[in-house]
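The following paragraphs guide a new reader through one structure. Attention goes to a pair of helices and then to the nonpolar cores.

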Amino acid sequence: MKKITMLLMGLLLGCAGISVQAEDPANFLPKDAVLLLYFDAVRMTEMPWLKDIGSAHPDTSDKVKQFEALCARYQIKENDFFSGPVYIAARDEDQIGIYAKTNISEEILPQFVSEMVKQGNKTVTVAEQTIADRKAFVFTNAAEKDKTPQSFALLYLAKDVVMVFQVNAANIELLKASTGGCALLAKIDRTQLAAFLCEPPKMLDASNAKPDVAMIDMRLDLTGAKQSDLKLSADVDFVNKEKAQEFGMQCQMMAPMMLGMLFGKDQKLAGELIQGLQVTLPSEKRLSVQFALSEATLKAVGEYLKNPANMPNFGQPGVGAAPATATTTAAPAVTAQP
């Protein structure tokens, strides 16, 4: 009786398939990655104000409808393509790849992606190739006559984990190194909506000038009682305190200017955005930036962006308003903290 019970359990587990064999893309990130970006695709696509922006803008709305129709034809959900955690990892400036969870099978995904890409560019071709002893689906834009066509590969690392990268010798090495044990993984908070870590000195080729930044640590999360507000936090560690102060002053001056130009036709909104920005120097070599946006401000941004006439043309002189004045906002201050 015990053997029969075990056999039935095994059969049921085998039928469940995806639940038993489910993998985390993090299990494949290279151990020596020096850049890591993480975001939760499902949480991000379900943000109401982001959906409103997408459905309202004519160009985006048409693309969304096309994508929904394509998903319906394949009988899959819109968020099945990237169905959970997504990572972008790099070992250096040449070896960069995307690692993602998917609910679409290997039998369906190549044709699905091919049709999805061709909705925007009908000259893209797809072919099955072997890369580092793995079956890969390679997408190439055949219309680039004056340039060497760039190809991108999509392959399955597990039944429900895909990897995407540009096809070249460097990324073949990245594929071979995609065996897990990423040290940066322990340094990011995956309860956040998104997180980013980068060590520029290790990222750049030795032939480049030594960067002024030693580490970048950024986080994006939903806040508030309804989890509908948005907060961006960034800590940038510089090689010395002089560089930290220099970049802090630049951030103080340039950020309000850019916000004023982008949202210059709504001074009240520009002012709210500038007031949501805070720049501090919590230590000698660290610059910290906090950018908090309420749900109401996010919705106002969405409404503003719906109107193409609000988009500034930076190629035209005099286009875009000056940053909001002190009567409506307070400029973000760079302050040193003990």
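At roughly what angle do the axes of helix H10 and helix H11 cross, and within what distance do they come? This structure is a predicted model. Two packed helices are described by the angle between their axes and by the distance between those axes. For helix H10 (residues 267–275) and helix H11 (residues 295–306), the axes cross at roughly 135 degrees and come within 11 Å. Angles over 145 degrees count as roughly antiparallel and those of 65 to 115 as roughly perpendicular; H10 and H11 are therefore oblique to each other. Their crossing is left-handed.

The account now turns to the nonpolar cores. The largest of them has 28 residues, and those with the most contacts inside it are Leu29, Leu36, Tyr87, Tyr99, Leu157, Met163 and Leu185. Several elements give two or more residues to this core, including strand S1 (35–40), strand S2 (85–90), strand S6 (151–158) and helix H7 (169–176). Strand S6 provides the largest share, four residues.

A second, separate core of 25 residues includes Leu269, Ile274, Leu298 and Tyr304.

How values were computed. Residues numbered from 1 in each chain as written. Predicted model: local features only at pLDDT ≥ 70, side-chain atom pairs only at ≥ 80, totals over all residues. Heavy atoms only, no water. Axes fitted to C-alpha atoms, helices over the stretch in contact; angles between N-to-C directions. Parallel < 35°, antiparallel > 145°, perpendicular 65-115°, else oblique. Left-handed = near helix turned anticlockwise from the far one by under 90°. Core = buried A, V, L, I, M, F, W, Y, C linked by side-chain atoms within 4.5 Å. Buried < 20%, exposed > 50% of the residue type's maximum accessible area, 1.4 Å probe, protein only.
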